[in-house]
Amino acid sequence: MRKKTTLITGASGEIGDALIQKLLKEGKTNLVTLDIRPLAPEISRQITHVQGDICDQSLLARIVSEYEIDAIYHLAALLSTRAEFTPEAAHKVNVEGTLVLLNIASDQSQWQGKPVKFIFPSSIAIYGLPDLTEKANFLHVREWEWNNPRTMYGSNKLYCEMLGIYFSEYFRQLASDRPVMLDFRSVRFPGLISAFTVPSGGTSDFGPEMLHAAAKGEPYACFVREDSRIPFMAMPDAVKALVDIAAAPRSALSRRVYNVTSFSLSAGEFRQWVLKYFPQAEISFEPDIKRNDIVDSWPADLDDRIARKDWGWNPDFDITRSFEEYLVPNIKMRYQK
Ligand code: AKB
């Protein structure tokens, strides 16, 4: 008999780390994780970690032969800045990796006779506003507006959302024996901020980088202008969104892809919040025009009313709670050590 399990890809990344801790805390230990990197030792003792590439078909075949997968959290991705330097590698990981996993989830749904849940973090990067005037005109962007990404990563995410919908609703639509479909569910995240990890390869990284540098007592030159504005969310809310959308009854979901957000800050306002807790912080602005253009194309904020209505989405951490109760105390403790 194969063991029932939940598969988490990209497990050693920022979201993976926080998600695994939350699931373990909730007593969910039947987890198999996959990442090109090892897991933190304190976590890997408690679960089965497979170190390898999500595009490695033989590795995935081995996992499938050993486990019955009831849900997949597919977190592995190359983020927006890194993807611009290696677009083909990004396409391979972000799109081909997702396609392999969707096929696995599809086969598993068929064998088990019930839809396997496929939870997919998407991003504000799927949006692309043409200029700052339109960005100011559309402050709270809705799911169907401005789906014009201008990065490889954003294009990959948008296409994978579409693939997820296709595999859940139309896969083999012309075949006489249509398979049991998987159950794709996705949230579009704003920039995420963790107290315990520093992001790498993203374009929303200026916020968390500023904060972590201040806590370490290091000067920081922010790569976007002071007026550059995007939405953000504290990491505990991001993992709550993934777990909550996974747990929602299918009948409550009117869509497969939802905006979720918490608060919106310009880089200048972010600096003010950092200075409130780290008054000695040395934060300057040295915009990198090309990275700034990407941030300028992302919405200033998201409209997440449908998620709130359908599955009760509500972030626990607004700006004040994020800084006061989660980020600052944990970051201080981290660097004091
Ligand atoms: C990135 O900056 O690429 C990510 C994202 C906004 O999805 N953090």
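Modeller: Let's start with a definition: two strands count as paired if DSSP finds at least two bridges between them. Please also keep in mind that this is a predicted model.

Biologist: Thanks! With that definition, which residue stands opposite Phe232?

Modeller: First the general idea: strands of a sheet pair through backbone hydrogen bonds, in a parallel or an antiparallel way. Here, Phe232 faces Phe263 of β12. Another such pair is Pro231 with Ser264, also in β12. β10 and β12 are antiparallel partners, with four bridges between them.

Biologist: How do β8 and β10 run, parallel or antiparallel?

Modeller: β8 and β10 are parallel, joined by three bridges. Leu192 is found opposite Met233 of β10.

Biologist: What is the order of the strands in this sheet?

Modeller: The order is β8-β10-β12, an open sheet of three strands with mixed pairing. β8 and β12 are its edge strands, each pairing on one side only. On average, neighbouring strands are turned by 45 degrees against each other, ignoring direction.

Biologist: Why is β10 described as largely enclosed?

Modeller: We count residues with under 20% relative accessible area as buried. In β10, five of the six residues are buried, so the strand is largely enclosed by the rest of the structure.

Biologist: Where does α13 bend?

Modeller: At Leu327, by about 40 degrees, with the proline Pro329 following within four residues. Leu327 is also one of the buried residues of α13, along with others including Phe323, Tyr326 and Val328. Among the elements that cover these buried residues are β10 (229–234), β12 (263–266) and α10 (267–277).

Biologist: Which residue forms a salt bridge with Lys4?

Modeller: That is Glu68, with the closest N and O atoms 2.9 Å apart. Because Lys4 sits in strand β1 and Glu68 in strand β4, the pair ties together parts 64 residues apart in sequence. Lys4 counts as partly exposed at 47% relative accessibility, whereas Glu68 is buried at 18%.

Biologist: And are Arg188 and Glu161 buried or exposed?

Modeller: Both are buried. Their side chains meet in a salt bridge of 2.7 Å, N to O. Arg188 is in strand β7 and Glu161 in helix α7, so that pair ties together parts 27 residues apart in sequence.

Biologist: Which residues are linked in a network of salt bridges?

Modeller: The network links Glu169, Asp183, Arg185, Arg250 and Arg256.

How values were computed:
Residues are numbered from 1 along each chain as its sequence is written. This is a predicted model: local features need pLDDT of at least 70, side-chain atom pairs count only at pLDDT 80 or more; totals for chains, interfaces and linings use all residues. Side-chain values use heavy atoms; hydrogens and water are left out. The bend at a residue is the angle between axes fitted to the seven residues ending there and the seven starting there. Helices (H or I, at least four residues) and strands (E, at least two) are DSSP runs, numbered from the N terminus. Buried means under 20% relative accessible area, exposed over 50%, partly exposed in between (1.4 Å probe, protein chains only). Contact means heavy atoms within 4.5 Å. Axes are lines fitted to C-alpha atoms, for helices over the stretch in contact, and angles run from 0 to 180 degrees between N-to-C directions. A salt bridge is a side-chain nitrogen of Lys or Arg within 4 Å of a carboxyl oxygen of Asp or Glu.
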